[in-house]
Amino acid sequence: MASGNTLVSFFPFDNEPPATNYATLSIRNGHPILQFNDTTQWAAIFTGVLPRNYAGGGLTVYIHATLASAITGTLGWDVSFERISDSATDIDADSFATAQTITAATVPGTSGIDLVSNVAVTNGANIDGIVAGDLFRLRVRRDVVNDTAVGNAQLLGVEIKET
């Protein structure tokens with residue numbers, strides 16, 4: 001597989017929210033969004049299968065988001081992978097790999113403009129050992145400790161590419 005091809009995409013209706021501190025589903029001008037608070041670290045969780053054409057490299061996670069009202073400050077995220085298809089994973093407990101931080105980026109000067117930010121995650125432990133054909137989960141959280149935009153962040157979609 002050529003490097004950089006999209007492997008998996010997730011959208012707000014794909015969210016499988018955790019029991020607590022979950023991003024809330026809403027609609028903005030007909031667009032489904034997941035809203036993330038600016039003071040409490042809410043999460044969204046997505047389940048997918050890493051395609052069989054995945055060549056085993058690193059993964060880059062792209063977050064497409066906008067802000068409910070903020071036109072100044074920065075917006076950051078973190079992402080974590082959890083391998084399910086390894087015969088040792090008990091789905092009754094979370095076992096996400098270490099969170100990978102998406103550096104906070106300056107928000108657009110207009111509310112509603114898509115801000116795309118990303119992080120490259122190395123193969124191996126950082127993606128919880130996921131290989132082609134594995135079922136996995138991706139957890140997305142707003143980095144409320146390091147970003148400075150006031151108000152809700154609104155997730156539009158997530159894309160995972162092979163690095």
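**Close-up views of a predicted model**

**View A. A nonpolar surface patch includes Leu25.** Phe13, Leu25 and Ile27 together expose about 330 Å² of accessible area in a nonpolar patch on the surface. Patches are made of residues with over 30% relative accessible area and no salt bridge, with like charges joined within 9 Å and nonpolar side chains (Val, Leu, Ile, Met, Phe, Trp, Tyr) within 5 Å. Accessible areas come from the Shrake-Rupley method with a 1.4 Å probe, and for residues only the protein chains shown count as cover. Leucine 25 belongs to strand β2, residues 24–28; strands (E, at least two residues) and helices (H or I, at least four) are DSSP runs numbered from the N terminus. The relative accessible area of leucine 25 is 48%, partly exposed; buried means under 20%, exposed over 50%, and partly exposed in between (1.4 Å probe, protein chains only).

The model is predicted: local features need pLDDT of at least 70, side-chain atom pairs count only at pLDDT 80 or more, and totals for chains, interfaces and linings use all residues. Residues are numbered from 1 along each chain as its sequence is written, and side-chain values use heavy atoms, with hydrogens and water left out.

**View B. Arginine 28 sits in strand β2.** With a relative accessible area of 24%, arginine 28 is partly exposed. A polar atom of its side chain lies 2.9 Å from the backbone oxygen of leucine 67. Leu67 is also among the residues that arginine 28 touches, as are Ile33, Ser111 and Gln154, not counting residues up to four places away in sequence; contact means heavy atoms within 4.5 Å.

**View C. Glutamate 159 is buried without a salt bridge.** Glutamate 159 is located in strand β10, residues 153–162. Lysine 161, the nearest side chain of opposite charge, is 4.1 Å away; Lys and Arg count as positive and Asp and Glu as negative, while His and the chain ends are not counted. A salt bridge is a side-chain nitrogen of Lys or Arg within 4 Å of a carboxyl oxygen of Asp or Glu.

**View D. Glutamine 100 lies in strand β7.** Glutamine 100 is buried, at 14% relative accessible area. Its side chain makes a polar contact of 3.4 Å with that of asparagine 126, and one of its polar atoms lies 3.0 Å from the backbone oxygen of threonine 98. Asp78 is among the residues touched by glutamine 100.

**View E. Aspartate 78 and arginine 141 form a salt bridge.** The N to O distance is 3.0 Å. Aspartate 78 is in strand β6 (residues 74–83) and arginine 141 in strand β9 (residues 135–142), so the pair ties together parts 63 residues apart in sequence. Both residues are buried.

**View F. Glu82, Asp94 and Arg137 are linked in a salt-bridge network.** Arginine 137 and aspartate 94 meet at 2.6 Å, N to O. This pair links arginine 137 in strand β9 to aspartate 94 in the loop between β6 and β7, 43 residues apart. Arginine 137 is buried at 16% relative accessible area, whereas aspartate 94 is exposed at 55%.

Key: Polar contact = N/O pair within 3.5 Å; in protein donor to acceptor, adjacent residues only side chain to side chain.
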